[in-house]
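User: Hi! I'd like to go through this one with you, a few quick questions at a time. Could you take a look?

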Amino acid sequence: MNIEIANRLVELRKKSGYSQEQLAEKLGLSRQAVSKWERAESSPDTDNLICLAKLYGVSLDELLNTDQPIEDIVRNVKEKEEEKEEGESNGSPAEEASEPGEEGKKKKGHWEWSGIYDDRSGRNGIHVKGSDGEYVHVGWHGIHVKDGDDEVHIGPGGIHINDGESQMNVDLESCQRYRRRQMVVDTCWSLGFAISVVAYLIFGFLYEPETGMGWASGWTFILFGMTLSSLSNVIVRKNFSEFAIWALIPGLYCFLGIMFGYWHPHWVMFFAIPVYYIFVSPLDKLLKPYRIKKPFGYYKFEKKSEDEGDDDDDKVIDAE
């Protein structure tokens, strides 16, 4: 199909208010097939041309009329036939996946190729290309697969998926940084718990073992251990709200009450808990841009307008 007719198909589709997906659903085809028509990479068969004319409310003559000289049309058809014959001559097993008389296309659940006409491997990796422009490249920089508007790249920098209308990016490096910092936090919590248990046992055995006072008050060391461990959240995650003041104040109050009888008026120290959060909440908001997000916040889903081209601005939705 020449580019003039392909552009007309785009104009008629947009004028009729269909997206590529909606038109493909109407015709019982994949969106990739419609995309190839509109990029002049393939041509609709007779039945689809009739359906398009009816959907758009035009005649077949209006749909297919072109100023292109007949010599150019014949030459384009001949070139496509030569490419197809060349692909068939390779005798690739992939060729058997497509039925006779049909061009390679993507179907739900599996791939069909019209033939492989470029298959080479070397220092730059392995590159396999289909007759309709699809290709798979495996090299030092990762794996890249492209089929029409659909594109997937997996490499050291992350994962990139693009289906022509939307795209998703996963930053693997950020995921690794988050994982390393999470390991530091988890280690600090484990150490803090272990230290508090050891301190409790030592205090219980050594401080007035005959009265059991060490055992009665030493359990508060577990709360102090949680408080100490929570400092890792403050330092690593830059989040003061994660400091376990809710464990520090009750632990300190119980320890002073059991050991020295300071139950009243020392209960006023509990007011320190809400006061602490009131003061640190604004600080945490200032530090939020400098924190590493959770892994599910690393990717961005970029949705393109159905009737806008690739050059239009994307609407970005942060998945945090």
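This is a predicted model: local features need pLDDT of at least 70, side-chain atom pairs count only at pLDDT 80 or more; totals for chains, interfaces and linings use all residues.

User: Thanks! To start, are Glu38 and Arg13 buried or exposed?
Analyst: Glu38 is buried, and Arg13 is buried too. Here buried means under 20% relative accessible area, exposed means over 50%, and partly exposed is in between, with a 1.4 Å probe and protein chains only. Residues are numbered from 1 along each chain as its sequence is written, and side-chain values use heavy atoms, with hydrogens and water left out.

User: What does Glu38 form with Arg13?
Analyst: A salt bridge, with the closest N and O atoms 2.6 Å apart. The term stands for a side-chain nitrogen of Lys or Arg within 4 Å of a carboxyl oxygen of Asp or Glu. Glu38 sits in helix H3 (residues 31-38) and Arg13 in helix H1 (residues 3-15), so this pair links distant parts of the chain, 25 residues apart. Helices (H or I, at least four residues) and strands (E, at least two) are DSSP runs, numbered from the N terminus.

User: How many salt bridges does the structure hold?
Analyst: Four. Among them is Arg31 with Asp150, at 3.0 Å from N to O. Arg31 lies in helix H3 and Asp150 in strand E7, so that pair ties together parts 119 residues apart in sequence. Both Arg31 and Asp150 are buried.

User: Which salt bridge does Arg237 make?
Analyst: Arg237 meets Glu242, also at 3.0 Å from N to O. Arg237 is partly exposed at 26% relative accessible area, and Glu242 is partly exposed at 25%.

User: Switching to rings: how many aromatic pairs are there?
Analyst: The search of the whole structure finds 14. Rings of Phe, Tyr and Trp (its six-membered ring) pair if their centres lie within 6.5 Å; planes under 30 degrees apart count as stacked, over 60 as edge-to-face and the rest as tilted. Take Tyr253 and Phe270: their centres are 5.2 Å apart and their planes are at 70°, so the pair is edge-to-face. Tyr253 is in helix H10 (residues 245-260) and Phe270 in the loop between H10 and helix H11 (272-287), 17 residues apart. Tyr253 is buried at 15%, whereas Phe270 is partly exposed at 32%.

User: Which residues form the aromatic cluster?
Analyst: Phe203, Tyr207, Phe221, Phe224 and Phe255 form one cluster.

User: And the surface: which residues form the nonpolar patch?
Analyst: Ile126, Val138, Ile143, Val152, Ile154 and Ile161, with about 430 Å² of accessible area together. Patches take residues with over 30% relative accessible area and no salt bridge, joining like charges within 9 Å and nonpolar side chains (Val, Leu, Ile, Met, Phe, Trp, Tyr) within 5 Å. Areas come from the Shrake-Rupley method with a 1.4 Å probe, and for residues only the protein chains shown count as cover.

User: Where is Ile154, and what is it in contact with?
Analyst: Ile154 is in strand E7 (residues 150-155), partly exposed at 42%. Leaving aside neighbours within four places in sequence, Ile154 is in contact (heavy atoms within 4.5 Å) with His141, Gly142, Ile143 and Ile159. Ile143 is in strand E6 (residues 142-147).
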